[in-house]
Amino acid sequence: LDFDLNVDLPYKFLKQIKNFFEEENIQLNTKKLTELCCYYINDSFTLPLSLFYYPDAIAISCASLLSHKFKFALNIDRLLERSSSPVRKEEIDHIEHLLVKIYEKEGEAKDDNSISTKEGLSAKASL
């Protein structure tokens with residue numbers, strides 16, 4: 001197949017998120033928060049989110065996930081206003097839910113002692 005696929009990535013919106021963190025006077029290191037947001041965006045590529053959602057929605061969802069993890073208030077509505085795409089709060093919640101599932105699965109894998117072969121799984125089941 002000979003085709004090109006152009007997908008906008010959420011990284012473009014990171015600068016706006018960093019500025020937003022600074023404007024909101026969040027009492028955490030905004031540079032570190034932005035870096036962590038970038039890691040969440042990287043992890044979002046394990047799902048086909050970029051094909052179904054606007055990049056701003058993915059970036060905002062990652063910022064929202066950070067606010068839950070580090071327990072700081074994040075005015076999602078103000079962040080949505082800065083979006084260049086028509087993003088809805090319901091989309092943010094859905095994307096965030098999907099991202100959380102990634103980390104839940106990673107936790108389960110660690111609980112299973114990272115055994116991934118069929119033989120290993122059957123041996124674990126026999127314990």
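Rings of Phe, Tyr and Trp (its six-membered ring) count as a pair if their centres lie within 6.5 Å; planes under 30 degrees apart are stacked, over 60 edge-to-face, and the rest tilted. By this rule there are 3 aromatic pairs here. The model is predicted, so local features need pLDDT of at least 70 and side-chain atom pairs pLDDT 80 or more, while totals for chains, interfaces and linings use all residues. Residues are numbered from 1 along each chain as its sequence is written, and side-chain values use heavy atoms, leaving out hydrogens and water.

Let's start with Y11 and F45, a tilted pair with 5.9 Å between centres and 50° between planes. Y11 sits in the segment before helix 1 (14-23) and F45 in the loop between helix 2 (30-44) and helix 3 (49-52), so the pair ties together parts 34 residues apart in sequence. Helices here are DSSP runs (H or I, at least four residues), numbered from the N terminus.

Next come F21 and F72, whose ring centres are 5.9 Å apart with planes at 85°, so this pair is edge-to-face. Because F21 lies in helix 1 and F72 in the loop between helix 4 (55-70) and helix 5 (76-81), the pair ties together parts 51 residues apart in sequence. Both are buried, meaning under 20% relative accessible area (1.4 Å probe, protein chains only).

F21 also leads us to the largest nonpolar core, where, of 30 residues, I17 and F21 touch the most other members. Such a core is a set of buried Ala, Val, Leu, Ile, Met, Phe, Trp, Tyr and Cys residues joined through side-chain atoms within 4.5 Å. Helix 4 gives the largest share, 8 residues.

Terms used
Helix = DSSP H or I, 4+ residues; strand = E, 2+ residues; numbered from the N terminus. Buried < 20%, exposed > 50% of the residue type's maximum accessible area, 1.4 Å probe, protein only.
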